[in-house]
There are 2 protein chains.
Amino acid sequence: MCVGMPLDNKQLQDLRRIAGRDNVRDSIEERLLHAYDGTREERLPDAVVRGVSTEQIAAIMRWANETRISIYPRGAATGLSGGSVPAEGGIALALAGMNRIVEIDPGNLTAVTEPGVVNADLSRAASGYGLFFPPDPASMTVATIGGNVAENAGGLRGAKYGVTRDWILALEVVLPTGDVIQTGARTMKNVVGYDIMHLLVGSEGTLGIFTKITARLHPIPPARRTLLAFCRTARDAAQAAKEIIAAKIVPAVLEYMDRVTMIAIENYTKTAFPSEAEAALLIEVDGPEQTVADEARRIEELLTRQSVISTEVAGSEEAAERLWDARRAAAPALTTIAPLRISEDVCVPRADLPEMCEYIPVLRGEFGIEIAAFGHVGDGNLHVNMLIDPHDQPQADRAHAAIEKLFDKAIALGGTISGEHGIGTQKAWYVERQLGPVQVELMKSIKRAFDPNNVLNPHKMFLWRPE
Amino acid sequence: MCVGMPLDNKQLQDLRRIAGRDNVRDSIEERLLHAYDGTREERLPDAVVRGVSTEQIAAIMRWANETRISIYPRGAATGLSGGSVPAEGGIALALAGMNRIVEIDPGNLTAVTEPGVVNADLSRAASGYGLFFPPDPASMTVATIGGNVAENAGGLRGAKYGVTRDWILALEVVLPTGDVIQTGARTMKNVVGYDIMHLLVGSEGTLGIFTKITARLHPIPPARRTLLAFCRTARDAAQAAKEIIAAKIVPAVLEYMDRVTMIAIENYTKTAFPSEAEAALLIEVDGPEQTVADEARRIEELLTRQSVISTEVAGSEEAAERLWDARRAAAPALTTIAPLRISEDVCVPRADLPEMCEYIPVLRGEFGIEIAAFGHVGDGNLHVNMLIDPHDQPQADRAHAAIEKLFDKAIALGGTISGEHGIGTQKAWYVERQLGPVQVELMKSIKRAFDPNNVLNPHKMFLWRPE
């Protein structure tokens with residue numbers, strides 16, 4: 001771990017004056033608590049500041065911009081690419097406390113929240129109006145909306161409901177200079193100027209700090225139907241998923257699990273899956289009762305034609321929840337297999353998913369490391385988990401080489417190296433290979449336009465060479 | 001009309017060599033044919049170049065960037081904000097000829113097209129696979145996809161299907177410097193770097209020229225049901241629209257027409273509407289047969305409770321088309337009322353639409369000009385048409401004053417001055433009042449990052465002061 005230098009006394013005094021005495025902490029305990037994210041990366045901030053209002057954050061940013069001290073905003077720090085890690089000293093700005101739902105407007109199907117509202121809490125509050133907030137990263141019971149916006153979080157329902165970017169209408173933003181802008185509008189259409197608002201979504205906390213978020217909500221679908229299908233091979237499962245899409249059914253959920261993931265779940269949850277199953281699909285359709293019943297029937301027929309081993313259709317909400325328990329156990333179950341789970345999330349065109357799924361055993365064979373794959377095949381987004389011991393350097397090196405080949409494969413298929421986790425500190429080394437030098441240079445120009453002194457969440461997304 | 005200076009002979013020779021002799025025209029006839037757009041604004045380009053390939057366009061832009069000659073890309077020039085008008089001399093780059101549909105991929109529900117493909121032609125080609133391209137600006141039988149992307153075109157189905165930005169996955173782009181980038185990916189999720197791709201959508205041809213467009217397609221809904229309802233007052237109609245949304249029905253189409261528009265349609269199409277009707281709503285729901293039937297029934301009940309004068313429900317496809325004919329006649333019918341129709345398109349939060357509709361007669365009374373309002377109330381987007389004689393200067397001045405008050409009202413309601421037409425040359429004078437100086441300065445920085453010599457579609461979107 002890189003231990004940053006504490007701020008000098010003058011700086012600490014200034015910061016206390018600007019941010020409020022009680023909102024500034026520099027004990028080693030507080031700094032340790034704000035050093036990590038969902039990766040294993042840890043970097044100690046020099047101090048921790050609790051954000052409490054737009055005005056306070058604007059004042060902090062003005063000061064940071066003048067004194068050239070780095071600010072690293074963070075919500076629940078569940079990110080999986082190092083986006084909120086204090087990369088090189090400076091101040092962790094903790095926003096989880098700004099967790100007020102300002103308004104739910106059922107007439108407009110919109111909500112206004114502060115950045116620290118937990119994703120699931122927004123849907124819970126909206127459910128009283130028969131509404132929900134569709135983006136559902138697996139971390140939704142912990143992750144904050146602000147972090148979701150910063151990372152353009154995806155989730156299990158992406159195939160049908162899209163990603164966070166599709167559900168954000170307007171943002172109040174503190175810029176790296178300390179200026180505050182209102183961008184976007186509370187309207188369904190808006191074509192005034194460049195789309196700064198959508199540019200900020202997915203900017204990984206490098207272009208601005210979101211202090212107020214206006215989101216669209218969606219009516220809760222009246223019915224859902226959940227199916228779990230076991231397949232003989234990974235290719236069978238991927239092919240079945242492809243056939244469902246080609247049949248013009250857009251399931252809310254279409255999740256894939258490979259054999260390694262299934263065994264981990266069996267051991268972790270003490271259940272048993274068919275022993276000859278190499279892969280499984282969790283499928284959920286939602287919508288009006290009649291449509292849902294019809295689509296579930298068509299999916300069952302289609303799975304039978306694809307010669308699945310067996311299909312379980314949940315007959316009740318409780319049964320559906322039991323099917324879901326298996327999928328939800330995937331990530332925790334895999335962490336029991338090896339000391340470190342490196343979770344990649346390549347995304348390829350949906351029709352190319354069978355090829356990607358078949359590539360996993362090839363990688364496993366070539367590099368001699370355990371790999372578990374599961375993910376959101378409805379949108380082509382596959383989580384490829386390298387299960388390694390980070391203290392075994394040769395193994396860690398092989399994992400890195402395997403990741404590089406995995407990325408190359410995704411690009412070769414017309415895909416992308418990250419569907420929802422983002423770049424952060426973890427994947428910056430590869431970005432230019434996907435995007436090319438011209439596009440990376442454009443992005444750096446945008447960063448400079450927003451943040452001329454590079455004080456907001458620096459050292460993320462690109463490899464920054466010294467000027 | 002401002003008549004630009006023709007290029008000098010050396011420049012014309014260079015251009016012919018770079019772009020191909022047959023692709024460069026400088027006759028007055030060709031220049032006149034490429035001087036206008038859907039507004040009445042006209043500015044003669046110095047010459048017209050026909051774009052034929054990515055490589056040719058890249059070579060043209062490299063030359064233009066070096067010689068500081070402005071390039072104005074255009075598709076079908078149906079835009080309603082001056083976006084493709086050659087604002088201050090330079091070259092009109094005609095892209096309508098690049099109209100090849102490169103690929104339709106039913107497995108991925110995607111299409112790849114050149115920029116000159118007409119919007120409706122893409123849906124026609126996709127219909128063979130049971131698919132369509134949802135963004136449907138009223139100009140869809142003429143407007144090109146490239147122009148749709150540049151303007152982030154909306155349309156009648158925006159409330160349910162969103163706008164062009166929601167349906168674009170990837171772009172091949174010639175930058176103002178002549179560099180070519182591939183941005184976005186053919187995947188449903190992608191979080192690698194800043195979202196340059198979505199920033200380019202709606203950039204009004206000022207940041208890059210799209211030479212290849214990858215779009216998402218959607219399954220054609222199996223059924224639709226169309227209703228036409230006549231209401232006693234504008235407020236009744238707007239309230240009914242609001243109630244439909246609040247009942248969590250998301251119609252594909254929810255169109256509003258006021259009395260002035262209805263009379264124009266009656267005269268133009270020789271039909272008769274109920275004489276006591278001050279407003280009408282055209283409503284269409286689509287989806288699975290059962291859902292559609294159920295939603296249409298609920299809408300009818302809801303309209304009855306809102307005490308509409310009468311509701312016509314189309315019993316067949318032909319009857320539905322007849323109801324549509326009225327709506328489609330709105331724009332042409334209004335052009336017969338006065339020599340000039342200034343078409344504004346404010347957008348407000350849906351729940352505030354009744355207030356906006358009631359404001360139209362206030363404006364009419366205050367400024368003594370005829371105003372017709374119709375539009376996409378499902379998404380809060382109202383087309384406010386000032387019907388004037390541009391040669392009557394006092395009347396034109398009053399129209400401008402009315403537009404300013406209309407914009408102020410939209411902003412006061414938390415809305416925006418343009419839902420789908422864009423800014424172009426027409427609304428640049430107001431942009432800073434909606435966005436504020438900080439955000440406008442950010443946008444200008446982005447323009448400079450992409451186009452350091454300001455050669456691509458200059459003088460659009462912002463008021464550019466001399467440096």
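Biologist: Which residues does Leu387(B) touch, not counting residues up to four places away in sequence?

Modeller: Leu387(B) touches Val260(B), Leu334(B), Ile337(B), Ala338(B), Leu340(B), Arg341(B), Glu370(B) and Ala372(B). Contact here means heavy atoms within 4.5 Å. This is a predicted model, where local features need pLDDT of at least 70 and side-chain atom pairs pLDDT 80 or more, while totals for chains, interfaces and linings use all residues. Residues are numbered from 1 along each chain as its sequence is written, chains are lettered from A and ligands numbered from 1 in the order in which they are written, and side-chain values use heavy atoms, leaving out hydrogens and water.

Biologist: Why is Leu387(B) called buried?

Modeller: Its relative accessible area is 4%, and buried means under 20% (exposed is over 50%, partly exposed in between, with a 1.4 Å probe and protein chains only). So Leu387(B) counts as buried. Leu387(B) sits in strand β20 (residues 381–388) of chain B; helices (H or I, at least four residues) and strands (E, at least two) are DSSP runs, numbered from the N terminus.

Biologist: And why does Ser84(B) count as buried?

Modeller: Ser84(B) has 10% relative accessibility, so it falls in the buried class too. You can find Ser84(B) in the loop between β5 (71–74) and β6 (91–94) of chain B. Leaving aside neighbours within four places in sequence, its contacts include Tyr36(B), Arg74(B) and Lys460(B).

Biologist: What makes the pair of Phe407(B) and Trp429(B) stacked?

Modeller: The planes of Phe407(B) and Trp429(B) are 25° apart, with 5.8 Å centre to centre. Phe407(B) lies in helix α14 (residues 393–412) and Trp429(B) in helix α15 (residues 428–450) of chain B, so the pair ties together parts 22 residues apart in sequence. Phe407(B), at 0% relative accessibility, is buried, whereas Trp429(B), at 27%, is partly exposed.

Biologist: How do you know that Arg216(A) lies over the face of Trp167(A)?

Modeller: Arg216(A) is 4.3 Å from the ring centre. The rule asks for NZ of Lys or CZ of Arg within 6 Å of the ring centre and within 35 degrees of the ring normal. Arg74(A) likewise lies over the face of Tyr36(A), at 5.2 Å.

Biologist: What makes Lys189(B) and Glu420(A) a salt bridge?

Modeller: The side chains of Lys189(B) and Glu420(A) meet at 2.8 Å, N to O. A salt bridge is a side-chain nitrogen of Lys or Arg within 4 Å of a carboxyl oxygen of Asp or Glu, so this pair qualifies. Across the interface of chain B and chain A the rule finds 6 salt bridges.

Biologist: How much area do chain B and chain A bury between them?

Modeller: About 6,100 Å², with 68% of it on carbon and sulfur atoms. Buried area is the accessible area (1.4 Å probe) that two parts lose on being put together, summed over both. The contact takes 75 residues from chain B and 75 residues from chain A. Lys189(B), Val191(B) and Tyr194(B) supply 17% of the area that chain B buries against chain A, more than any other three residues.

Methods. Rings of Phe, Tyr and Trp (its six-membered ring) pair if their centres lie within 6.5 Å; planes under 30 degrees apart count as stacked, over 60 as edge-to-face and the rest as tilted.
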